[in-house]
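Let's take a walk along the place where two chains meet. Have the model open and follow along.

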There are 4 protein chains.
Amino acid sequence: MKKMIAGVFGAGRIGKFHVENLLQYDNVEVKTICDVQLDHLIEWNKDKNIFLTKNEDDIFDDKEINAIFIFSSTDQHISQLIKATQNVDYIFMEKPISKSIDATLEAWEIVKSKSKTIQLGFNRRFDPNFKKVKEARVKETIGVPHVLKITSRDPEPPGIDYVKVSGGIFMDMAIHDFDMSRYIVGSDVEEVFVMGDALVNPKIKEAGDIDTAIIQLKFANNALGVIDISREAVYGYDQRLELFGSKGAIIADNKVETSTKLLTKDCSCVDNPLHFFIERYIDAYKNEYETFIEAFMNNDNVICSFEDGLKAELIAEACKKSYETKTVVKVRGI
Amino acid sequence: MKKMIAGVFGAGRIGKFHVENLLQYDNVEVKTICDVQLDHLIEWNKDKNIFLTKNEDDIFDDKEINAIFIFSSTDQHISQLIKATQNVDYIFMEKPISKSIDATLEAWEIVKSKSKTIQLGFNRRFDPNFKKVKEARVKETIGVPHVLKITSRDPEPPGIDYVKVSGGIFMDMAIHDFDMSRYIVGSDVEEVFVMGDALVNPKIKEAGDIDTAIIQLKFANNALGVIDISREAVYGYDQRLELFGSKGAIIADNKVETSTKLLTKDCSCVDNPLHFFIERYIDAYKNEYETFIEAFMNNDNVICSFEDGLKAELIAEACKKSYETKTVVKVRGI
Amino acid sequence: MKKMIAGVFGAGRIGKFHVENLLQYDNVEVKTICDVQLDHLIEWNKDKNIFLTKNEDDIFDDKEINAIFIFSSTDQHISQLIKATQNVDYIFMEKPISKSIDATLEAWEIVKSKSKTIQLGFNRRFDPNFKKVKEARVKETIGVPHVLKITSRDPEPPGIDYVKVSGGIFMDMAIHDFDMSRYIVGSDVEEVFVMGDALVNPKIKEAGDIDTAIIQLKFANNALGVIDISREAVYGYDQRLELFGSKGAIIADNKVETSTKLLTKDCSCVDNPLHFFIERYIDAYKNEYETFIEAFMNNDNVICSFEDGLKAELIAEACKKSYETKTVVKVRGI
Amino acid sequence: MKKMIAGVFGAGRIGKFHVENLLQYDNVEVKTICDVQLDHLIEWNKDKNIFLTKNEDDIFDDKEINAIFIFSSTDQHISQLIKATQNVDYIFMEKPISKSIDATLEAWEIVKSKSKTIQLGFNRRFDPNFKKVKEARVKETIGVPHVLKITSRDPEPPGIDYVKVSGGIFMDMAIHDFDMSRYIVGSDVEEVFVMGDALVNPKIKEAGDIDTAIIQLKFANNALGVIDISREAVYGYDQRLELFGSKGAIIADNKVETSTKLLTKDCSCVDNPLHFFIERYIDAYKNEYETFIEAFMNNDNVICSFEDGLKAELIAEACKKSYETKTVVKVRGI
């Protein structure tokens, strides 16, 4: 039986979370972690005994390593990815590919010929709710898709310092929703139109960004779409989706912790949406790894490729331009 | 086309409510109202021009009147009903038939031979929620019924003075649920067992009654049932029902005013159950009249007969005895 | 006590429905109905004894009549309205005001100086669901409004013949949603952007119209809005609304007939949204009349004025232009 | 930092499931598994390297082992438990304690003096839904508890061979609900009354058992309770609970896989209750281990003790007698 021997780039908060999960699979060994800083990993690694290094080549030159996970900071993604495609067949990389479309397009020119299996970390594709919506489209339970609606609201806005280097709300936050749009509708986005503003915090506007937007999409298959995003929903992480078509509609509501209802004189209370993204998407993360590991085991393709990541970025690019110009913008093809 | 010319006994709060509703049907004329007191009706009757009288014979002797509605106090029910059966073919009477099973049984001996159409005011049978549950049983969508569950909680307990003359919680309140049980399951109740207590207000116990009870039922078709009743649910009028069977279950939840959900930092709030019984059962009352009027127009039978009312009282009688003796009690047959 | 003596223009399907409802109010007398055709009313009027006439002046010249209801076809609205403002103080008129913005603006010049009370039939404002959303905004339960979302889908598309004379989807169908937008957000719409298509039926496109659209709104108070409309939702009349703000969100779901859930091996079924618009908005219609009658009794203002109707039409006008030009369009001011 | 070195008795289906979960805790080492059969464990143990043995003393005599898990068949429970109390301070044992109340009582006499920490595997106490209900009682959000209602239906009946040795529906299945009743209400059960039948499968009756029952409970604090159980709910594992009190009620509905709703012409479908008990209670199992491990680490008490297990069995004993005698039965004290 095949065994995955993994090398990992980057073990920050999310990287460690991923590694801890990967360690639970019998057929996966995390052999080496490479990070620019190692001190914070010593205690955490005590019972794991993973080889820690600052030298990237300890992963690239290790012939035993047959899968690479890239959880490093976004500016390291592309160089590590390109080297990884020279050394292993299976690569898992966190989104986004880069903060510059041009850099992403350049990388695309290099990796597209390599026929390596690259899975991007668009974890939401693996959420049971959204998978069920997608299945309803694939099985045509709701007929021909007419309208997609996504609500995507974070529980809290990021700090202004983060906003400044984030690449903007479309690339940083809505990118997930752009990927989801293509996945759910099963068609590329051709045109976008955006209205937006900083309604949550005016300092976000001063920092050159917005915090609230409504994004219209026109898909190649003629379906229409709308995404509304906000950096702050005080009641929790609001992640809903609806696909409407010629034979019906399917609506995915939020996930909650319990299915209890408390009835008192004042009101009937149900649970708020889960607040923390890891809690909200815990099943999605699990399914994401399993899909990748299964693809590795069976020499299969993955569900979310480099090309998908690139296309999401091109939609983000068009949205930024639409917001700035108040016009309909065509999404660049590849 | 047939026209219903109605005589009405009793125009208290609920009687007036009924009359106002009846007046909205084009094919119904309310000709005469007989009550022991008329003063409170003068103003209300101004634009209605109904003939008001204290003399019962103004209704019984009026050959034009072809339907009689009995909304008077319970102690007048039986004598008015028996005279009514001598004069008209269609009689609508509020529940319960009487406060004494023996009196009800005597009346049954008289009316059962008359082949008149008597509809009792078990309005809940006509509630869209509960009708849908019954249909699921009739169409066998849920297969053979195994377990019936009824939750029946009033929003507020009655005053102690009322409790003293109410005939007890089983005859006064649970009687609706006993009728509902037979209607939903489609079978007679053979045995009952009851545990109960005054948990809402100890003064109710001093007055010789209880305010909370769990009632088990064994039906002739072997199904089991359970009713839990309470005189006080602070969050509203709690009227739920569930039928479970070999092929599934159907659950009827409460009715609410709006289908809104308010999400704030503190909680996600939905509407409380409707509080007021008339508001809760407004559709049921409407359907109740319509069924009676249609039966009249088409010479049909009604859905809820004198016999049904009698059977509900016999279950109440058995429950009272079960509570007092802490034993299983067989329901008397007729 | 004041009494409303009503004259009614137009007794087609919806006009008769309205009259039947008005007849249930003790303080309202429907004295005269004027229609271009009377034959279809003879039987219906038998027990009502309303004076039927083809002569408009039988209403305008009747000094006893103190309120006028205009339920006639849209092309008669303005001329009847203007004459009505010369004769009575209270006028109720079905929407839309006219099919031509210019005609509506001309009428506005005439009626705005008259200080008469004109209520337009935007019944949805009076729906308990949407009223509760509006209250949450007024009471600031959800804080400052950021995003309004409306889903508005008809159960079935109209015939092509109707489409041709309808004035287009924005004026004919979305006009309700435009009025609702202003009502819920409490601010005027300044700019719109629209994407749309004929996804339900290509013949609608041939007839010069579309059947599916996503409409973006920018409000004067900086809030953003989005309306998605469709001429056909096979599962029922889909009328949902959501207001999201700095302190929370309130979501109004559809109305259903029963609150039952059927659980079988195959699925857990709940009721579909109500199909028929009268059934869906039955409470809204009732509240609409009551508000108008109360305003009449207390010499109060109404909730939905001529000006509101005009503003909804101006939004529709801007949407049409936005769809045709694929640009952001400013809504004309008045 | 303390480390738990565990010895495990029994590695059947559920035992292996538990061990796999325990292995995910950094501070837990599963050192030894003792089972009557080892062949089926060889492959499974390959990457785990746990010491496998048929000799119980390999666990009892190992001074390094400081916690014992008993997942063996019920007839081995008591002897292993008693020996375990002589060797370690922390013991986790699957329910039920034994199939004979007398044996359980005898064991109680021995273990009660040992002051060891014994946690019984009533996993449902650790379910987030039911924990939230309990918290509402503890915090008095719903006031004084009046009525507890539990619905507990298995998705499929066990085979007749199992039924014959199961100890009967009360000891085998309802035992969970008896424990839950005491936990939720926070009071002992004093009296029970049961009606039951074999409505799912008559062969279960031939085997001396029933498959459907309604169980009434009277608690020491005067609250009333009712449990309805069935061996077969075709739509899934139906596990609901409701606590009603003087200030409100809290209702725990079933868990579902997704929060999607599919609307088509035929119906609006939501997910059925989860079918498989491990899937349904996956969080409960996780919380159960964590509570035990935390108690071990902090020298704390556990939430579900031997005494709790004994009391659940005494309620089961009373229910069996009540069913057989059709009388109210007092629960034996200890």
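What is the area buried between chain D and chain B, and what share of that area do carbon and sulfur atoms give? It comes to about 3300 Å², with carbon and sulfur atoms giving 64%. Buried area here is the accessible area (1.4 Å probe) that two parts lose on being put together, summed over both.

A quick note before going on: this is a predicted model, where local features need pLDDT of at least 70, side-chain atom pairs count only at pLDDT 80 or more, and totals for chains, interfaces and linings use all residues. Residues are numbered from 1 along each chain as its sequence is written, chains are lettered from A and ligands numbered from 1 in the order in which they are written, and side-chain values use heavy atoms, leaving out hydrogens and water.

Who takes part? Chain D brings 41 residues to the contact and chain B brings 41 residues, contact meaning heavy atoms within 4.5 Å. The copies meet through the same surface, because 100% of the interface residues of chain D are also interface residues in chain B.

Now for the charges. The interface of chain D and chain B holds 10 salt bridges (a side-chain nitrogen of Lys or Arg within 4 Å of a carboxyl oxygen of Asp or Glu). One of them joins Glu242(D) to Arg153(B), at 2.9 Å from N to O.
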